[in-house]
Amino acid sequence: MTPSDEENIDFDVEVNRTEVRTLKFDSDMLDSIFGKKDLWPSWVADMDFKSSRHIQDALARQVEHGIYGYESSSEALPRAVSAWYANRHGWQLDPGLILFTPRALASIAALVRLFSKEGDGVIVQPPVFYDFKMIINANGRRLVKNPLRLKGGKYRMDFDRLESVAADPENRLLILCNPHNPIGRVWSKQDLARLSEICAANDVYIIADEIHGDITYQCNYTPLASISDETSQNCATCISPVKSFNLAGVANSMIVIADEEKRALCKDWFNRLEINKNNVFTTTAMLSAYTNAGYWLDRVIEYLDENIRTLRVFLQQKIPSVRLVEPEGTYLLWLDFRGLGLDVRQLETFLVQQAGIAGNPGHWFGREGAGFARINIACPRGILIAALQRLEKAVAELA
């Protein structure tokens with residue numbers, strides 16, 4: 001795809017997101033969660049960029065048609081998804097293995113219920129996306145932690161501990177986050193192969209949340225299921241275009257399950273609950289994304305990479321007490337504030353009241369995240385720089 005296929009890409013343009021109802025910028029929501037309305041909203045994982053013009057045009061054509069009746073099924077979308085993963089990530093994905101679902105978190109919740117029973121343990125690797133814990137607890141399962149280890153500024157899996165917790169016959173599932181939210185780690189083939197071996201040896205089924213997989217920097221995302229046929233039989237992969245193409249409010253998600261029996265169980269679950277239908281706008285947006293918006297995504301990644309460089313240099317030169325955990329993927333950055341000497345509550349108050357930042361406090365992702373915070377840099381660079389300048393001033397006033 002050439003630049004002429006995607007015109008007028010300017011990610012520096014600041015779009016007023018308060019013109020429509022938007023969770024991230026909702027002032028009442030900000031006040032409810034952070035106790036203040038006038039903040040830089042950096043707490044929700046969506047982008048402040050307009051989606052691809054191809055997607056906008058496809059949706060406009062659908063709206064202009066004027067009749068929004070029931071949609072017939074089509075093989076075009078699963079074929080497009082399969083082609084995307086083959087071309088971008090080397091995953092030879094059989095379109096027949098794809099199940100369409102309303103949301104990635106709904107997929108994870110269904111998989112937890114289907115492939116474990118109440119009281120069973122579900123292994124997670126904190127600091128990790130906080131909704132995993134909520135899903136596990138809400139469904140009467142036990143949260144089992146295998147904390148990541150931060151060494152030399154880089155997080156690593158603790159395979160020795162993983163072998164120990166996986167050996168417990170009451171621990172039936174592991175939820176993998178790849179790339180890992182909030183730390184931005186893109187797990188290597190070697191890491192994924194080792195995790196897969198441990199889980200298979202102990203009859204632990206893997207739920208892989210891979211919805212951030214398209215956004216990586218200087219490294220490649222490896223779908224877990226692409227490691228080997230054996231691995232693909234012991235995992236369910238949750239994917240979606242919502243992060244890649246900024247479609248959280250319109251697109252659906254997918255589950256890829258190679259095991260025929262497990263796929264049938266999962267399909268039956270969504271059929272029985274009558275939550276197995278896409279709507280016409282969802283299908284239109286997803287099909288356009290996977291067939292026409294690759295050039296747009298490549299430009300987004302370039303822009304995000306420059307935002308990361310901007311933030312890195314700013315911290316090094318002006319706020320050395322705050323450190324960036326170098327991201328390999330996602331547009332969510334994990335910042336280390338431990339150098340400020342603040343406790344958990346003091347850091348929360350500091351970020352909101354002094355710096356004016358509505359980010360995600362690190363302890364939301366488990367106690368292992370204490371002293372850290374997650375921010376979203378998928379925004380125009382001018383907005384990011386202004387937020388960093390406020391942070392610089394707030395840190396200086398601590399002295």
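Where does Pro127 lie? Pro127 lies in the loop between β3 and α5 (131–138).

1. Ground rules. This is a predicted model, where local features need pLDDT of at least 70 and side-chain atom pairs count only at pLDDT 80 or more, while totals for chains, interfaces and linings use all residues. Residues are numbered from 1 along each chain as its sequence is written, and side-chain values use heavy atoms, with hydrogens and water left out. Helices (H or I, at least four residues) and strands (E, at least two) are DSSP runs, numbered from the N terminus.

2. The seven-stranded sheet. Seven strands make an open sheet with mixed pairing, in the order β2-β10-β9-β8-β7-β3-β4. Here two strands pair if DSSP finds at least two bridges between them. β2 (98–101) and β4 (142–145) sit at the edges with a single partner strand each, so one side of each has no neighbour in the sheet. From one strand to the next, the twist averages 25°.

3. Around β7. Strand β3 (residues 121–124) pairs with strand β7 (residues 171–177) in the parallel sense, over three bridges, and Gly121 stands opposite Asn171 in β7. β7 also pairs with β8 in the parallel sense, this time over five bridges, with Leu173 opposite Tyr205 in β8. Helix α7 (residues 189–201) lies across β7 and β8 (205–209), running at about 170° to β7. For such angles, axes are lines fitted to C-alpha atoms, for helices over the stretch in contact, and values run from 0 to 180 degrees between N-to-C directions.

4. β8 under cover. Five of the five residues of β8 are buried, where buried means under 20% relative accessible area, exposed over 50% and partly exposed in between (1.4 Å probe, protein chains only). Tyr205, Ile207 and Asp209 are on one side, Ile206 and Ala208 on the other, and both faces are covered.

5. Loops worth a look. Pro126 and Pro127 are joined by a cis peptide bond, with omega about 5°. Another cis peptide bond joins Asn181 and Pro182, with omega about 25°; Pro182 is in the loop between β7 and α7. Asp203, in the loop between α7 and β8, has a positive phi of about 55° although it is not a glycine. Thr222 is in the loop between β8 and α8 (229–233). Thr222 counts as buried because its relative accessible area is 8%, and Thr222 touches Asn178, Lys189, Leu192 and Ile227, not counting residues up to four places away in sequence. Contact means heavy atoms within 4.5 Å.

6. The four-stranded sheet. A separate entry is an open, antiparallel sheet of four strands in the order β11-β12-β15-β14. Its edge strands are β11 (323–325) and β14 (360–361), each pairing on one side only. β11 and strand β12 (residues 332–336) run antiparallel and are joined by three bridges; Val325 has Trp334 as its bridge partner in β12. Helix α11 (residues 294–318) packs on this sheet, touching β11, β12 and β15 (372–376), and its direction makes about 145° with that of β11. In the loop between β11 and β12 you'll find Thr330, with a positive phi near 70° in a residue other than glycine. Thr330 counts as buried because its relative accessibility is 0%.

7. The largest pocket. On a 1 Å grid over the protein atoms alone, a cavity is a set of points where a 1.4 Å probe fits but cannot get out, and a pocket is an open set with protein on both sides within 12 Å along at least five of seven lines; lining residues have an atom within 4 Å of a point. The largest pocket holds about 1400 Å³ of space, a volume being the space filled by probe spheres set on the points, which are joined across faces, edges and corners. Its lining has 46 residues, with Asp46, Asn246, Leu247, Ala248 and Gly249 nearest the centre. α2 (53–65) and α4 (104–114) each supply at least two residues of that lining.

8. The largest cavity. There are three cavities of 30 Å³ or more, and the largest has about 60 Å³ of space. Among the residues lining the largest cavity are Trp40, Leu335 and Phe337. Helix α13 (residues 381–398) gives the most to this lining, with three residues.
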